[in-house]
Amino acid sequence: MTIRTVETTPFEGQKPGTSGLRKKVKIFQQPNYSENFIQSVFDVVEGKEGALLVIGGDGRYHNRTVIQQAIRMAAANGFGKVMVGQGGILSTPAASHLIRKYGALGGLVLSASHNPGGPDEDFGIKYNVANGGPAPEKVTDAIFARTQVIDRWLAIEAPDIDLDAPGTVMVGGMTVEVVDPVTDYAALMETLFDFEAIRAMVAGGFTMAFDAMSAVTGPYATEILERRLGFAPGTVRNGVPLEDFGHHHPDPNLVHARALYDLMMSDAAPDFGAASDGDGDRNLIIGRGRFITPSDSLAMLAANAHLAKGYAGGLKGIARSMPTSAAADRVAEALGIPCHETPTGWKFFGNLLDAGMATICGEESAGTGSDHVREKDGLWAVLLWLNILAVRKIPVDALARDHWARFGRNYYARHDYEAIETDRADALMAALTAALPALPGARFGALTVAAADSFSYVDPVDGSVSANQGLRVMFEGGSRVVFRLSGTGTQGATLRVYLERYEPADGALDEETPAMLAALIAAADVIAGIERHTGRTAPDVVT
Ligand code: VG1
Ligand code: CO
């Protein structure tokens with residue numbers, strides 16, 4: 001086996017963001033670009049000799065090229081075995097499960113998640129550690145530091161392997177096993193949920209539409225929903241993963257999953273609608289005539305999780321990202337369990353899950369998951385919903401109304417201003433940061449600021465501190481606006497404005513969200529000077 005040592009020089013900007021390194025495909029196609037990053041990962045992680053590495057991606061354009069090269073590099077860097085999904089496919093939660101199940105040292109997840117794919121769109125690489133979760137900040141910081149001084153990468157001389165042929169081949173001295181991407185994941189789901197009960201509900205006439213958005217969940221959803229649970233063929237829509245996601249934006253929200261939303265609001269709506277994103281870790285839940293916000297979904301799943309066999313023993317705790325609404329906090333309070341508030345990004349849940357301090361986690365960005373893996377998991381959320389509906393035997397809308405009548409309702413929306421010039425976005429955040437101390441007591445229409453701060457997180461397990469995780473303006477009565485800049489975009493800056501208003505159980509529970517948030521939206525613009533700084537008068541995306 002010949003190991004090639006290829007000289008290289010550092011690239012700027014290889015800093016992993018909220019979820020790995022994400023850039024335009026064209027940037028990743030520069031000679032040495034992907035290799036520099038992967039080698040930096042390998043230079044930083046310890047214990048590679050003879051170890052197992054899991055590799056898979058969401059099937060987007062450039063996936064196979066990087067996988068073939070990563071296999072040659074893993075062999076040169078001393079790994080004993082690579083496990084890769086057939087066709088290069090592994091959803092993010094399925095990759096997390098394989099890492100855990102087979103005791104891998106870690107995994108490379110090749111995805112830019114909900115970002116579009118294709119030659120002119122986005123690509124990404126994320127490293128997950130031995131617990132199956134995204135590398136924590138101390139690891140991503142070390143990887144970034146390494147990218148800034150890297151001067152060589154290693155690969156063996158070997159031809160591409162046949163990624164479509166299941167089985168085992170040797171690459172140099174290293175074993176490569178091409179595995180079915182669905183089998184282990186589907187088996188895990190059967191341990192958590194009562195498939196019998198869901199099958200009986202389906203046999204009784206319960207219908208659903210699942211939009212895989214031409215992304216990675218197609219094969220998973222077809223196997224689990226149609227083959228194992230008995231939903232009719234055609235229940236899974238856009239079920240074949242495409243390299244460019246059919247030119248769509250594989251982001252399961254009301255804008256990009258519009259067709260599903262329109263169906264669910266129409267007379268032809270099935271009982272249940274759901275969608276997942278590029279890499280299968282997000283979920284959209286819509287009942288007939290009723291959209292469930294991701295923050296509400298987290299709260300409703302937490303309140304009912306004990307109805308599924310995997311959670312029959314109850315929850316140890318709930319964790320949510322800071323911008324996620326406080327709906328889950330009220331459930332935690334009622335259950336007498338802790339609710340942890342973390343910065344945005346799944347990597348911050350890892351320690352809480354490992355330490356047994358949380359069982360269910362969620363983010364307002366359509367991410368929900370549990371301690372069964374260390375990633376958010378789109379299909380898991382869909383199956384937990386189905387299991388709960390099968391036990392409670394009520395429609396989604398009734399479940400939501402019942403929940404609000406008990407806990408109150410957190411009206412919620414997120415406004416995104418995309419591709420703002422970076423300087424302007426930075427100026428807005430700097431000015432707002434400077435203004436925070438003077439805000440308490442200030443009035444904006446009928447709203448009075450109760451507190452304002454820059455969110456900083458101290459990890460209760462390892463004591464690590466993550467500062468500057470978003471600017472919060474809290475109002476008297478429990479309403480709130482949060483401002484932060486995205487860490488997953490590939491063009492300029494994206495400003496996210498998170499809006500939340502609480503109505504108690506005896507308050508106005510059946511109103512339209514935009515009307516309920518109108519005063520907050522107006523206050524947000526005045527407080528942050530959104531139009532003044534960015535020139536924008538309206539958000540690009542409202543979810
Ligand atoms: C966004 C979401 C965040 C999520 C992250 C990765 O990050 O807000 O909640 O964890 O995407 O999701 P940001 O920094 O752009 O706000 V995924 O499905 O793209 O891996
Ligand atoms: Co994703």
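Two residues are in contact if their C-beta atoms, placed from the backbone, lie within 7 Å. Keep that in mind as you walk through this predicted model.

**Stop 1: helix α4**

Select residues 92-101, which form helix α4. Is this helix mostly covered or mostly open? It is mostly covered, with nine of its ten residues buried. Color T92, P93, A94, A95, S96, H97, L98, I99 and R100 to see the buried ones. Now show what lies over them: the cover includes strands β3, β4, β5 (106-110) and β6 (122-128), along with helices α6 and α13. Step past the end of α4 and you meet G103, with a positive phi near 65°.

**Stop 2: helix α8**

Next, select residues 217-228, helix α8. Its buried residues are T217, G218, P219, Y220, A221, T222, I224 and L225. Which elements cover them? Among them are β4 (81-89), α6 (183-192), β10 (208-211), β11 (236-237) and α13. Just after this helix, click on G230: its phi is positive, about 85°.

**Stop 3: the three domains**

Zoom out and give each domain its own color: domain 1 is 3-179, domain 2 is 185-407 and domain 3 is 409-542. The centres of domain 2 and domain 3, taken over C-alpha atoms, are 26 Å apart. Where these two domains touch, domain 2 contributes 20 residues and domain 3 contributes 19 residues. On the domain 2 side, look for α12 (350-354) and α14 (396-407), the elements that give two or more residues there. Of the elements on that side, α14 gives the most, with four residues. Sorted by class, the domain 2 side has twelve nonpolar, six polar and two charged residues.

An unreviewed UniProt entry places the feature "domain: Alpha-D-phosphohexomutase alpha/beta/alpha" at residues 14-148, 185-286 and 295-407. Select 14-148: this span is 38% helix and 23% strand, and its end C-alpha atoms are 8 Å apart. Then select 185-286, which is 36% helix and 13% strand, with end C-alpha atoms 24 Å apart.

**Stop 4: the nonpolar cores**

Select V82, A302 and L384. These are the residues with the most contacts inside the largest nonpolar core, which has 123 residues. Helix α13 (residues 378-392) gives the most to this core, eleven residues in total. Where does the core sit relative to domain 1 and domain 2? Both domains give residues to it, so the core lies between them.

Now focus on V82 and show its partners. Leaving out residues up to four places away in sequence, V82 touches L53, I55, I71, A74, M174 and V176. Apart from this core lies another one, of 32 residues, including Y417, A452, L520 and I530.

**Stop 5: around ligand 1**

Select ligand 1 and the residues around it. There are 18 of them, and T18, S113, S486, G487 and T488 come nearest. What classes make up this shell? It has one nonpolar, twelve polar and five charged residues.

**Stop 6**

Begin with H62, in the loop between β3 (52-57) and α3 (63-76). For comparison, most residues other than glycine have a negative phi. H62 has 23 C-beta neighbours inside 10 Å, and a residue with 20 or more counts as buried, so H62 is buried.

Then go to A419, in strand β19 (residues 409-420). Here too phi is positive, near 50°, in a residue other than glycine. A419 counts as partly exposed because it has 13 C-beta neighbours inside 10 Å.

Finish at Q491, which sits in the loop between β25 (480-485) and β26 (493-503). Is Q491 buried or partly exposed? Q491 is partly exposed, with 13 other C-beta atoms within 10 Å. For a last exercise, draw a distance line from Q491 to R228. Their C-alpha atoms are separated by 41 Å, and the two residues are 263 residues apart along the chain.

Definitions and conventions:
Residues are numbered from 1 along each chain as its sequence is written. Chains are lettered from A and ligands numbered from 1 in the order in which they are written. This is a predicted model: local features need pLDDT of at least 70, side-chain atom pairs count only at pLDDT 80 or more; totals for chains, interfaces and linings use all residues. A residue is near a molecule or strand if its C-beta atom, placed from the backbone, lies within 6 Å of it. Ala, Val, Leu, Ile, Met, Phe, Trp, Tyr, Cys and Pro count as nonpolar, Asp, Glu, Lys and Arg as charged, and the others, Gly among them, as polar. A nonpolar core is a set of buried Ala, Val, Leu, Ile, Met, Phe, Trp, Tyr and Cys residues joined through C-beta atoms within 7 Å. A residue is buried if 20 or more other C-beta atoms lie within 10 Å of its own, exposed if 12 or fewer, and partly exposed in between; C-beta atoms are placed from the backbone. Domain bounds come from an automatic or database domain assignment. UniProt positions are given in the numbering used here, feature names are shortened, and annotations may be inferred rather than shown by experiment.
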